[in-house]
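Subject: Structure handover and notes

Hello,

Here is the structure I said I would pass on. My notes follow below it.

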Amino acid sequence: MTEPEILVREQGSLGRITLNRPKALNSLTLGMVRAMAQAVEQWRTAEHIRAILIDGAGERGLCAGGDVRALHDAAKAGDESLPAAFWTEEYQLNSALAGYPKPVVGIMDGICMGGGVGISAHGSHRVVTERSKVGMPEVGIGFIPDVGGTYLLSRAPGELGTHLALTGAPVGGADAIYCGVADYYVNSADLPELVEALAVGEVDEVLQKFSEPAPEAPLAAQREWIDAAYSADDVEEILRRLRERPEEAARETAEVIGQKSPTSLKVTRKALRSDYGSLEDALVQEYRLAMACVRIGDFVEGVRATLVDKDRNPQWSPAQLSDVDESRVEKFFEPVADEPKLFG
């Protein structure tokens, strides 16, 4: 018998949602998004449910992101209906979780990337552990940090958000808290007991009991070169500054960024500088960027190289940062034909 992709149940006063595709690292499908949205809506006014908890099945993590292989296959076949529906409904779910009237506890244990960040980091109580690896790696597949990623990262201290967005590098639990995308540090061994306590107790009191001070955030010691380099006006200047820094980590970072999609790098940097009035403003813009990545960007090629052929040799187009001019970048920010009304 086929296992359901998502487990929805009630435990005491806790509404529990568990992503259940452990072999695929709980990557989100459209069906999973819809099942989550339905559960969240049902519990919104249910008096016996006081909080929602979101976690992932298996030992590897909460969620590796959206099922980009399925989106790639549809886009390559010329079918934009799946990407359009997936991103529309996923972003609406992200917004619903952010504005939920009850506590939403996201367990960001293990790998939590892309879409996994979207269903946890907008919640009211965000839990990381010593095993957490939190990141937005999208520029490596010709995409952009979405699910409100540009909104979250633009609000990180200094230029840390730009650093994380352009490198796509995951960070541990301490850095996630330091960057403002998590709140509580809990030992992974205590998670089963934590969940049991949440089913009967008040969320704030339970998390105060089980959380501990996070270790020192490694990124805090690197703020000097990160802030100095990423405050540049364009990606080319960021790379130049990184390469000229005395810190080896800065020069290594330049090499990492140099492997990413030039178009995605420039589009992402511009998006991070947007003056968002709300998460919903960011999600509307990210929808436009996401669809543009499919239509005129490097998304199909990036996923091919990473997940389909797995040759790790994407042929970006354009291949050089210098060939990505401002007019090309601006096209990504234009309204999409037949654009859905995401909110309101």
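Which charged end sits over the ring of Y151? The charged end of R155 does, at 3.8 Å from the centre of that ring. A charge counts as sitting over a ring if NZ of Lys or CZ of Arg is within 6 Å of the ring centre and within 35 degrees of the ring normal. K270 also meets this rule, lying over the face of F333 at 5.4 Å from the ring centre.

Before the rest, two notes on how to read the values. This is a predicted model, in which local features need pLDDT of at least 70 and side-chain atom pairs count only at pLDDT 80 or more, while totals for chains, interfaces and linings use all residues. Residues are numbered from 1 along each chain as its sequence is written, and side-chain values use heavy atoms, with hydrogens and water left out.

Aromatic pairs

The structure holds three aromatic pairs. Rings of Phe, Tyr and Trp (its six-membered ring) pair if their centres lie within 6.5 Å; planes under 30 degrees apart count as stacked, over 60 as edge-to-face and the rest as tilted. One of the pairs is W87 with F143, which is stacked because the ring centres are 5.2 Å apart and the planes stand at 20 degrees. This pair links distant parts of the chain, 56 residues apart: W87 is in helix α3 (residues 81–98), and F143 is in the loop between β8 (133–135) and α5 (149–154). The element names follow DSSP runs numbered from the N terminus, with helices (H or I) of at least four residues and strands (E) of at least two.

W87 also pairs with F299, edge-to-face, with 6.1 Å from centre to centre and 75 degrees between the planes. Here too distant parts of the chain are linked, since F299 belongs to helix α15 (residues 299–308), 212 residues apart from W87 in helix α3.

For W87 the relative accessible area is 2%. Buried means under 20% relative accessible area, exposed over 50%, and partly exposed in between (1.4 Å probe, protein chains only).

Cysteines

How many disulfides does the count come to? The count is zero, where a disulfide is a pair of cysteine sulfur atoms within 2.5 Å. The sulfur of C63 has its closest cysteine sulfur in C112, at 7.1 Å, so the two are too far apart for a bond. C63 is buried at 0% relative accessibility, and C112 is likewise buried at 0%.

Backbone

The peptide bond from S317 to P318 is cis, with omega near -5 degrees. P318 lies in the loop between α15 and α16 (326–332). That loop between α15 and α16 also holds R312, a residue other than glycine whose phi is positive, near 55 degrees. R312 is exposed, with a relative accessible area of 62%.

L25 is not a glycine either, yet has a positive phi of about 55 degrees. L25 sits in the loop between β2 (14–19) and α1 (30–44), and at 10% relative accessibility L25 counts as buried.

Regards
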